[in-house]
Amino acid sequence: DVTLLDISGDMIKALGSLMKRKTENEKWVEGNWLDAPFDDNCFDVVFGDQVKSNVSAEDHKKFYNEIHRVLKPSGYHISRITSRFPDTRIFSAEEIVDKYSKIPVSQDSLTEFWNLLVFKTHNDLISSTNRMFDILDKYETKGHLVEYSKALKEVLPKGKEWSVGKPWSEERGSIIEFFEIAEQKSDDTVFADSTFIFLFKSKKL
């Protein structure tokens, strides 16, 4: 059986419109991972793609505790995580702007561009789209940035925040209290030094 959990009912509905069919063994649930509406020890695997980034830093331990609670004793948590690793590079806004002002907009370049501006131009605990829009306001007349600015203003709101700035050494502490790190693979993108895919094995507490 497969269960999808999302805090947004609208997102679940949007996913439903994209799915060609929903099988009988699938269940879609609206809820919060900080208070997951599931029984203890009910899943073999919990998969999450950048879910932690949408949880405030002070709730990270609670987040991992909830995942551990719903996993069976032999369960695994698979997750893609962005953090401040020892080799994470911080770029200047000018460096990113200069590169992408020469690259026409595509789905891939747009995704790379806004993620670099939002997450990799600072060492703050919180990353916000406000930083990106401030940079775009300053440079949007340069080359292809007019196109990038227009596209991003259509799809991303001002004030959207993500919690990805905690150093990995601190974040790792919240994880290993509940899980063993069984495997770690680099993300095969421009974020290879700051984003990894992890396989966490549930610990006996």
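Start with β3, α2 and β4: together they form a right-handed β-α-β unit. Right-handed here means that, with the strands pointing away from the viewer, the path from the first strand over the helix to the second runs clockwise. Helices (H or I, at least four residues) and strands (E, at least two) are DSSP runs, numbered from the N terminus. In this unit, β3 covers 43-49, α2 covers 60-70, and β4 covers residues 71-82.

Two words on the source. This is a predicted model, where local features need pLDDT of at least 70, side-chain atom pairs count only at pLDDT 80 or more, and totals for chains, interfaces and linings use all residues. Residues are numbered from 1 along each chain as its sequence is written, and side-chain values use heavy atoms, with hydrogens and water left out.

Now the strands. β3 and β4 run parallel, joined by six bridges. Two strands pair if DSSP finds at least two bridges between them. Take two bridge partners: V45 goes with Y76 in β4, and F47 goes with I78 in β4.

What is the strand order in the open sheet? It reads β3-β4-β8-β7, four strands with mixed pairing. β3 and β7 are the edge strands, each pairing on one side only. From one strand to the next, the twist averages 15°.

Next, the helices on that sheet. α2 packs on the sheet and touches β3, β4, β7 and β8. Contact means heavy atoms within 4.5 Å. The direction of α2 makes about 145° with that of β4. Axes are lines fitted to C-alpha atoms, for helices over the stretch in contact, and angles run from 0 to 180 degrees between N-to-C directions. α7 lies across β4, β7 and β8, and runs at about 135° to β7.

Which residues of α2 are buried? The list is H60, F63, Y64, E66, I67, H68 and V70. Buried means under 20% relative accessible area, exposed over 50%, and partly exposed in between (1.4 Å probe, protein chains only). Those buried residues pack against β3, β4, β6, α7, β7 (179-186) and β8 (195-202).

Look at H60, in helix α2. Why does H60 count as buried? Because its relative accessibility is 1%. Leaving aside neighbours within four places in sequence, H60 contacts K52, V55, S163 and K166.

On to P167. Find it in the loop between β6 (161-163) and α7 (168-176). P167 is partly exposed, because its relative accessible area is 33%. Not counting residues up to four places away in sequence, P167 touches S83 and R84. P167 and N115 are 52 residues apart in sequence, and 18 Å apart in space, C-alpha to C-alpha.

Now a helix pair, α4 and α5. Two packed helices are described by the angle between their axes and the distance between the axes. For α4 (residues 107-119) and α5 (residues 129-139), the axes come within 8 Å and cross at roughly 110°. So α4 is roughly perpendicular to α5. The cut-offs: angles under 35 degrees count as roughly parallel, over 145 as roughly antiparallel, 65 to 115 as roughly perpendicular, and the rest as oblique.

Who meets whom? From α4, F113, W114, L117 and V118 meet T129, R131, M132, I135 and L136 in α5. By class, the contact of α4 with α5 has seven nonpolar, one polar and one charged residues. Ala, Val, Leu, Ile, Met, Phe, Trp, Tyr, Cys and Pro count as nonpolar, Asp, Glu, Lys and Arg as charged, and the others, Gly among them, as polar.

Two backbone details. N41 is not a glycine, yet its phi is positive, near 55°. N41 sits in the loop between β2 (26-30) and β3. Its relative accessible area is 43%, so N41 is partly exposed. Q50, also not a glycine, has a positive phi of about 60°. Q50 is in the loop between β3 and α2. Relative accessibility there is 18%, so Q50 counts as buried.

Last, the whole chain. How many helices and strands are there? Seven helices and eight strands. The C-alpha trace spans about 55 × 40 × 25 Å along its principal axes. Of the 205 residues, 42% are buried. Among contacts between residues at least 6 apart in sequence, 73% join residues at least 24 apart.
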